[in-house]
Amino acid sequence: PGPPRYTNRLINEKSPYLLQHAHNPVDWYPWGQEAFDKAKKENKLIFLSVGYSTCHWCHVMEEESFQNKEIGAIMNENFVCIKVDREERPDVDKVYMTFVQATSGGGGWPMSVWLTPDLKPFAGGTYFPPEDSARRIGFRTLLLRVAEQWRQNKDALLESSQKILEALLAMSQIRVQGQQSPPPSEEVLATCFQQLSNSYDEEYGGFSESPKFPTPVNLNFLFTYWALHRATPEGARALQMALHTLKMMAHGGIHDHIGQGFHRYSTDQHWHVPHFEKMLYDQGQLVAAYSRAFQISGDEFFADVAGDILLYVSRDLSDQAGGFYSAEDADSYPTAASSEKREGAFCVWGAEEIRALLPDPVEGAAEGTTLGDVFMHHYGVKEDGNVSPMQDPHQELKGKNVLIIRSSVELTAARFGLEQGRLSALLRDSQHRLRAARAQRPRPHLDTKMLASWNGLMISGFAQAGAALARQEYVSRAAQAAGFLRRHLFDPASGRLLRSCYRGEDSAVEQSAVPIQGFLEDYVFVIQALFDLYEASLDQSWLEWALQLQHMQDKLFWDPKGFAYFSSEAGDSSLLLRLKDDQDGAEPNANSVTVTNLLRAACYSGHAEWVEKAGQILAAFSERLQKIPLALPEMARATAVFHHTLKQVVICGDPQGEDTKEMLRCVHSVFSPNKVVLMLADGDSAGFLYRQLPFLSSLERKDGKATAYLCSNFACSLPVTSPQELRGLLCQ
């Protein structure tokens, strides 16, 4: 294409999403004072559009409406138009999404909201088609109607926006009521388990019919529930639900069988046809879930899936400086000559394409059997495509196949008369060839923005997998990424985290002119990551930094009146509401994760006020935890950790000694939801942990061997010197 015909202010931004809109005929502004001042000065309404760079329907609305010259002219004449990347500014997104959900009963992206010049919302929705249809109003009509309303009924609109704001304030408050205490954990756990059990899909796993999201928060809750109820039928069912869901997801089309990693969600009940974007936060949480599944079951299948996710992230979402990119898009050009992108084009296959790539006859199978026959049978490939028209409303996948494991290795081997080991080798060879063919296709857009919070989730994934699978290279990759955060997303002068940085020219890491300060979720997920990294590496500098960040989090976000943490800092006049998230969704809610963080921080530091804060958060969410814990499975899990008191596993010994390493391998191989690990190296009595926890100075090696103590509330069990004894203690 020649030089762009239009260029707006977004050309000066760093966000890949905002840059995607820099050549629209719409006079877009980024969120900021310049746009607010213009709206006030010209007494114009604001049209706010919020999305993210790998969002399929955001691309559709851009193509249909924001690239349309006539619609652009209507927008420019009547509104001050603002674009926001929800991943850069989750605070702005949350305020207006709360409005859209409250007034329309649904939400999602792109989000389209009309605001008064003082930023109060009065109308909104999500995706709008450009023109009216029999079923719904078009975007053009809506723009003209809203502009007319403002001309005719300005006072009524202003009054209504004020009432809406007051109602939103009232309904979004989460605070402790009177002398409320944390809810009883057994009751919360039992209710949450029951609610998950009732919504569980017995055949395909997961917790709804469709669409189906991975929601690792549900699986983590079930693992903890099992660990606390191992001997009961409910405990056994909880474990079966979690492991079956993880297996079905790994077999499904939501799992990329050629390029590794997981897509965002499945549009059907069978985990078959996904929305094809891949998000960093899913990879980080899923690798932790598959690592736990391996710890609990010992089944190598789960370890392989964890390794597969980490291979994808290391290869495709890693910056050379050590950070992790945010996402890969769903849409791409089917061929280099195509003029139009299609959803899933990079990932789907025609049957004839597979036959051409895998023509080799298979020795030992029936005559005429090719490698293509074996592969197509195993992965459910059909001659005319395996995607139901119901899952493909725009016919983008017509005649194509989304690979899904339809048959076990045993059954496929039996069908073709092959040994299982030989079949596995043939399938690996086939995947390798398809991967090479796929590498020739135009790649989907990569969002190279690097977010502190999502990097935190991914560091946790690498660290937990490294510990559970005994893979040192994963721990090293986690440490490399933590070093990246320290260099690029932390300001040592103020002690504060930054939200985002970007891959710039010549692949250098860049920061925006005015860096975005970290939000609650950035602190919470980074602190969790540093604790996980400390436990996997035993490098106390990560622990020290985590505790500093916890103090900063308390200072910036704690609500001393209503308890729990606000999602954003005080003092931003452009934010109408200071909210607390109340749901564990695709990502866990920051207040949920911070309960466990606070309990771990207290174990590492001896600061009892952090235990008190953890209890106060649970008290603030008490009503919701007792009525619908299904909305907060991660916080429900944390109530159990709170009531069962964390156990400190203290190991004394020479960090390089084989006996010490064996004890640590034992600790890491056992899934125990309420343990924290402390390593005491010989002669380290001036070290950070000794300074924090005086009781440690009384613990020492027994008979010259690496020795473990299990401590609770800073009182310790008798010492043990064999991994078997330690395993027994941990499993109690």
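This is a predicted model: local features need pLDDT of at least 70, side-chain atom pairs count only at pLDDT 80 or more; totals for chains, interfaces and linings use all residues.
How many salt bridges does a search of the whole structure find? The search finds 42 salt bridges.

The protein chain is divided into domain 1 (10–172), domain 2 (205–447) and domain 3 (645–731). Taken over C-alpha atoms, the centres of domain 1 and domain 2 lie 36 Å apart. Contact between these two domains involves 10 residues of domain 1 and 15 residues of domain 2. Together they bury about 990 Å², with 47% of that area on carbon and sulfur atoms. On the side of domain 1, Thr54, His56 and Glu87 lose the most area to domain 2, together 51% of what that side buries.

Between domain 1 and domain 2 there are zero salt bridges, but six residue pairs are in polar contact. Helix H1 (16–20) and helix H3 (56–66) are the elements that give two or more residues to the side of domain 1 that touches domain 2. H3 gives the most, with three residues. By class, this side has four nonpolar, five polar and one charged residues.

Side chains of opposite charge can pair when their charged atoms come close. Arginine 443 takes part in two such pairs, with aspartate 316 and with glutamate 328. The N to O distance is 3.5 Å for the pair with aspartate 316 and 2.7 Å for the pair with glutamate 328. Arginine 443 sits in the loop between helix H16 (420–438) and strand S12 (446–447), while aspartate 316 belongs to helix H12 (residues 300–316), 127 residues apart in the chain. Glutamate 328 is in strand S9 (residues 327–328), 115 residues from arginine 443. Arginine 443 is partly exposed, at 45% relative accessible area. Aspartate 316 counts as buried at 14%, and glutamate 328 is buried at 6%.

A further salt bridge joins aspartate 522 and arginine 499 at 2.8 Å, N to O. Aspartate 522 lies in helix H19 (residues 520–537) and arginine 499 in the loop between strand S15 (496–497) and strand S16 (500–503), 23 residues apart. Aspartate 522 counts as buried because its relative accessibility is 0%, and arginine 499 because its value is 1%. Elsewhere, Asp85, Glu87, Asp447 and Lys449 are linked in a network of salt bridges.

Asparagine 589 is placed in the loop between helix H20 (540–557) and helix H21 (590–605). Asparagine 589 is buried, with a relative accessible area of 2%. Its side chain reaches the backbone oxygen of aspartate 581 at 3.2 Å. The residues that asparagine 589 touches include Asp582, Gln583, Phe621, Leu632 and Met635.

How values were computed. Residues are numbered from 1 along each chain as its sequence is written. Side-chain values use heavy atoms; hydrogens and water are left out. Domain bounds come from an automatic or database domain assignment. Contact means heavy atoms within 4.5 Å. Buried area is the accessible area (1.4 Å probe) that two parts lose on being put together, summed over both. A salt bridge is a side-chain nitrogen of Lys or Arg within 4 Å of a carboxyl oxygen of Asp or Glu. A polar contact is a pair of N or O atoms within 3.5 Å; within protein, one must be able to donate a hydrogen and the other to accept it, and residues adjacent in sequence count only if both atoms are side-chain atoms. Helices (H or I, at least four residues) and strands (E, at least two) are DSSP runs, numbered from the N terminus. Ala, Val, Leu, Ile, Met, Phe, Trp, Tyr, Cys and Pro count as nonpolar, Asp, Glu, Lys and Arg as charged, and the others, Gly among them, as polar. Buried means under 20% relative accessible area, exposed over 50%, partly exposed in between (1.4 Å probe, protein chains only). Lists of a residue's contacts leave out its neighbours within four places in sequence.
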